[in-house]
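Visitor: Please take me through one part of this structure up close. I would like to look at the disulfide.

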Amino acid sequence: MLGWRRLRAGVLGLIVAVLAAPGAHAQSSLSLQTVIQAYEANDLPVLEQASRDAAFIASIEAIDPEAAGALLLNIARRLEDDVAAEAAYRQALAFLARLKGPDDVTLAEPLAELAEVQLRLGDRAQALLSLNRALTIMSQAMGDDHELVAPYRLAYEAALGRPDAASGTRAGGRTKLPYHLVEIFYATHRVPTGGATPAGYYSGRSGPMRFGRAIISLPNDRDLGELPRASIFALEFKPDPAKHVVLTSIKPYSDRAQFMTGVSQRVSASKRKEVFVFIHGFNTSFQGAAERTAQLADDLAIDGAPILYSWPSKANPLAYREDEAEAAKAAQLDDLATFLADVAARTGATRVNLVAHSMGNRFLTRALSRLAATSPTSKPRFNEIVLAAPDVGVDDFVRLWPKIRPLGARYTVYSSSRDRALELSGQINQMARLGDARTKPIANLETVDTTAASAGLLGHSDFAGTALDDFRAVIWASLAPGKRCVLQTRSGAAWAFTNAGCPASDFRSVLGLVRTSESPAAALQRIRASAAAAQPAARSRLQRLERQLQAIVGAP
């Protein structure tokens, strides 16, 4: 569930001034700026009006359906009049059911909140229906005995009047949880262990390709790019969904056809029809790979289907050579090549982006080489192909590059001179690594040196953290490096992060504006109108954003 803080800081907070421009809501007396100000001032009459204003809601939905659903829920949570709140919850839930499907796990929490309102109104029968629906959704997604299902069962039993259940509910009887759920799809060559827990479901042994979906919980107060996990050094011996990213459920599919059907349905229900495929790196368990995929899907706000390909890493820092051997198995690479071709051709996605990290780039580049050889094409099959901290030998990549280049509309390499993991790999393999920023850039391959953005860290996962805004610019809008003001050219034709081009906060705002507009040109028109109508205090920043958009659009 998207909380108000993340909602305002993420998408809607970036476009308040733009949507407040004259004509932005021609059919409604409300603007988004007015509603957000009313929320912060606790102006309940205006919020109630917004929850009932179909034209206003439609205008937000046209920009970003996910944001519209989150806005409706946050308004319902703020309303103090229970009659108005119940109506607002029902509208929000109906909206989200249309958007995500009636059994989507994200509906469970607002259903439980609706039940609380109904209990206060004395409508116990309706409350039980709402709670039963929430419990059914969670049980179907997680399994009856999962710990995340327990709060919903306790709330249902408390509403039934069972005294033992009432003592187990949260303070005030509330079931609101401090985390939200993200569902991903996966394909893997890992063999199941036979274990019952999600964390131990898949092994590091290889076998036939299997498919499924997984649900991961992420804390609501997690910062962008953050992947918090339990640590024994912090005396955290068990993951806490309120604090940590947790793989909560695995649901295997029976075969590839069922997988493709599930992905296609998700894509069909989305607005942007995006597919995002992530391939993890060395020393990574299935659990770790699934949690990273969910973090990326959440932070990139993927509108469609996030997909993980998890190869059989031994998840052992001493098993480097064993992991390397997996990346050389011809049968696995053939399977992956076929799988990527199917994702591009059979899911109905209009935008398919591929991202590999570390040693996962060996799987990706070798699979693409097989795909190019067996099924050549005159036009790109994929949009953005991102090679993040690639643990690939430079000489090896140079041999593959002419073969794989036509498969992607663009390739981007994220490299760093701080990357100690790749420095060690270079020593082991006696060959410079593509992700080491100290190597010479390859012609026609866009390379971004993230060293300056590493903030003193090791630089092996910058793309998912400190360089996330630039990564978003690639995945969201396919912006060329010259149009990303946080970058500057460096000798040798590479790009590097800089503090001189623009404030990072401005770049993030521009990205949000581009993401929520039909095109960069449309975003520019909207912000020009807002700057002209803005108060002097806001006009200066809007004009800065306008200049950045001009650079993106190429306008005078």
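**The disulfide**

Guide: The structure holds one disulfide. The term means a pair of cysteine sulfur atoms within 2.5 Å. In general, a disulfide is a covalent bond between the sulfur atoms of two cysteines.

A word on the source. This is a predicted model, where local features need pLDDT of at least 70 and side-chain atom pairs count only at pLDDT 80 or more, while totals for chains, interfaces and linings use all residues. Residues are numbered from 1 along each chain as its sequence is written, and side-chain values use heavy atoms, with hydrogens and water left out.

Now the bond itself. Cys-485 is joined to Cys-502, with 2.0 Å from S to S. The torsion about this S-S bond is about 70°, so the disulfide is right-handed.

Next, find the two ends. Cys-485 sits in the loop between helix 19 (468–477) and strand 10 (487–490). Cys-502 sits in the loop between strand 11 (494–497) and helix 20 (504–515). The pair therefore ties together parts that are 17 residues apart in sequence. Helices (H or I, at least four residues) and strands (E, at least two) are DSSP runs, numbered from the N terminus.

Are these cysteines buried or exposed? Cys-485 is buried, and Cys-502 is buried too. Buried means under 20% relative accessible area, exposed over 50%, and partly exposed in between, with a 1.4 Å probe and protein chains only.

For contrast, look at a pair of helices. The axes of helix 16 (residues 360–374) and helix 17 (residues 394–404) come within 9 Å and cross at roughly 45°. Axes are lines fitted to C-alpha atoms, for helices over the stretch in contact, and angles run from 0 to 180 degrees between N-to-C directions.
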